[in-house]
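The following note sets out points on the arrangement of the chains, domains and helices. It is intended to be read alongside the model.

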Protein chains: 2
Amino acid sequence: MENDLLRWFRATLPSHKQLLLGAGDDAAILKLTDGTQLVATTDMLMDGVDFRVSEHDPAEIGHKALAVNLSDLAAMAARPVAALVSLCLPRSGGEALAKELYSGLLSTAAQYNMAIAGGDTNSWDGPLVISITALGEVQPGREWRRSGARPGDRILVTGDFGGSILGWHLMFQPLVEQALWLAEHLSVHAAIDVSDGLSLDLARLAEASGVGACIHLERVPISYHARLLASQRDDGVTPLEHALGDGEDFQLILAADGAEVDRFFAEHPQWKERLTSIGRFSAIQGLWSVQGAELTPLAPRGWEHRLDP
Amino acid sequence: MENDLLRWFRATLPSHKQLLLGAGDDAAILKLTDGTQLVATTDMLMDGVDFRVSEHDPAEIGHKALAVNLSDLAAMAARPVAALVSLCLPRSGGEALAKELYSGLLSTAAQYNMAIAGGDTNSWDGPLVISITALGEVQPGREWRRSGARPGDRILVTGDFGGSILGWHLMFQPLVEQALWLAEHLSVHAAIDVSDGLSLDLARLAEASGVGACIHLERVPISYHARLLASQRDDGVTPLEHALGDGEDFQLILAADGAEVDRFFAEHPQWKERLTSIGRFSAIQGLWSVQGAELTPLAPRGWEHRLDP
């Protein structure tokens, strides 16, 4: 169903003279009348799917609902401006729940200097639904897209991966400031945020760029939580597999020229700890594991639940 | 609950240097870095509350979900630019439903020359939820707000009122072009769209402006459907009461100086049929019915279900 609907969206959604970048990237780019580039993204989170009201702190749910959108803005190197917040509240306890959600959400909005530009708050007999649209700005030509990676570019990743379900997936910090700083100091050809899984999102970036991606698996930064999860669960899934496929890491994958990356690390050595080169983009399509001179096909893994148009 | 939550939102939502107009109007106005005024609004519609998937044509539901947002842009005299669309689809039949919703939505977007700037499409075990954010532009100082009505201003309304439940509430045409034309040709002090009821939305505009509103009840344009509804239902509700309280008319209420209205009608006599003066704003707070020199308090009636921050 999902791929069919995605194909349908791509075939059906029309172009528009103010829509510079539409469906298929982390966010859309709209060119306003005077040339301003507005970046817009939206995410809808549902009780029982993305969180559980019965288990999770509503303030953390409010944070997450905004933070997933901020991560999309970060993946475009856009500066956040404002968010609009729509809620379906369960009738019982809805008002108290709304205030708790907003307490988390407003604290995150303040942290990222973002306005809350209204919203729509409703009650119903169903579970909690939160839909947030985030708006940002980026100077023309300075945005990061998924489609710019070139064969030979390094695959750079921020942070480490896997096991977000053990806690991080609610309270993660979207890498907005890091993205804005990097956009000023490193020539980035393409970017994506890792919401659905490192290997899946890397494959999406590679496909959008018309290139392949070759990963040195031993270089993939594996998180403490990925190791913990592998040791807790007796299901044979290794820490590396958790790192490649778990999703909700909300780190960034970047593509940049090798010489440029060397220059960047020489000028900013403190970033060597925060940015890992896990391989290279290639002219050979697909996702590959590299060992010495040998390429082995790697199946992209992650959460395929999203049907973003 | 609703008023308490509204008060909480108004007391809690912080100001922001880029937020020219926030919670409490039909849409928010954001000032972008180079001065562009972006208008943003969001509405969430739920199965069983705003429509019934079992009864209504999904293409009409898709139209309505976008059109309610367009009506908010019209009430600000903003030109529509783009929309973002988030869906919670029921698992069973979700893909076919999504395509039908989009067929209505895309046709309306095309009619209003609006881009669909992506969205978020999800499946779950709950009912259909549609959340749309619409973005528009308005030149600085040219926007209509709720807060500009002055004592003595005429109360002008487009179209007629009541009985939208008999059909109009799904397939109404938001008055975008009319608003943009009027903004060029008539000096409008304040505006609101009638989503929740003529008397309730008029009271909201008056309150936001710090004035009262005096209606000549005999001048209120009563729709054919308001009369039909009153005759069909044996509940004693008159056609006038339907016109004052039914909601979902999606007409506009405007405030303008009397001499300016006279000049406008003299220059554009064709608008005498399309714009009705139903009374005046007054220095006396509240909503009033005028008969001769006598003022009688009028209780604002309409749908109070909304909790917009």
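This is a predicted model: local features need pLDDT of at least 70, side-chain atom pairs count only at pLDDT 80 or more; totals for chains, interfaces and linings use all residues.

1. Extent of the chain contact. Chain A contributes 56 residues to the contact, and chain B contributes 56 residues. On the side of chain A that touches chain B, the elements giving two or more residues are the helices α1 (2-12) and α3 (94-111), together with the strands β2 (28-31), β3 (37-46), β4 (79-90), β5 (115-124) and β6 (129-137), of chain A. Which element provides the largest share of this side? That element is β5(A), with nine residues.

2. Composition of the chain contact. The side of chain A that touches chain B holds 32 nonpolar residues, 16 polar residues and eight charged residues.

3. Domains of chain A. Chain A is divided into domain 1, covering 12-137, and domain 2, covering 146-297. Taken over C-alpha atoms, the centres of these two domains of chain A are separated by 25 Å. Their contact draws 20 residues from domain 1 of chain A and 17 residues from domain 2 of chain A.

4. The domain 1 side. At least two residues each are supplied by α2 (58-75) and β4 of chain A to the side of domain 1 of chain A that touches domain 2 of chain A. Helix α2(A) gives the most to this side, with 11 residues. By class, the side comprises 10 nonpolar, four polar and six charged residues.

5. Helix packing in chain A. The axes of α2(A) and α3(A) cross at roughly 50° and come within 7 Å. Because of this angle, α2(A) is oblique to α3(A). The crossing in which α2(A) passes α3(A) is right-handed. Among the residues that make the contact are A:Pro58, A:Ile61 and A:Leu66 of α2(A), and A:Leu97, A:Leu101 and A:Leu105 of α3(A). The contact of α2(A) with α3(A) has 11 nonpolar, five polar and two charged residues.

6. Helix packing in chain B. What angle do helix α2 (residues 58-75) and helix α3 (residues 94-111) of chain B make where they pack? The angle is about 50°, and the axes of these chain B helices lie 7 Å apart. Helix α2(B) is therefore oblique to α3(B). Is the crossing of α2(B) and α3(B) left-handed or right-handed? The crossing of this pair is right-handed.

7. Residues of the chain B helix contact. Helix α2(B) meets α3(B) through residues including B:Glu60, B:His63 and B:Ala67, while those on α3(B) include B:Glu100, B:Tyr102 and B:Thr108. The residues of this contact divide into 11 nonpolar, five polar and two charged.

How values were computed. Residues are numbered from 1 along each chain as its sequence is written. Chains are lettered from A and ligands numbered from 1 in the order in which they are written. Axes are lines fitted to C-alpha atoms, for helices over the stretch in contact, and angles run from 0 to 180 degrees between N-to-C directions. Helices (H or I, at least four residues) and strands (E, at least two) are DSSP runs, numbered from the N terminus. Angles under 35 degrees count as roughly parallel, over 145 as roughly antiparallel, 65 to 115 as roughly perpendicular and the rest as oblique. A crossing is left-handed if the near helix is turned anticlockwise from the far one by less than a right angle, and right-handed if clockwise. Two residues are in contact if their C-beta atoms, placed from the backbone, lie within 7 Å. Ala, Val, Leu, Ile, Met, Phe, Trp, Tyr, Cys and Pro count as nonpolar, Asp, Glu, Lys and Arg as charged, and the others, Gly among them, as polar. Domain bounds come from an automatic or database domain assignment.
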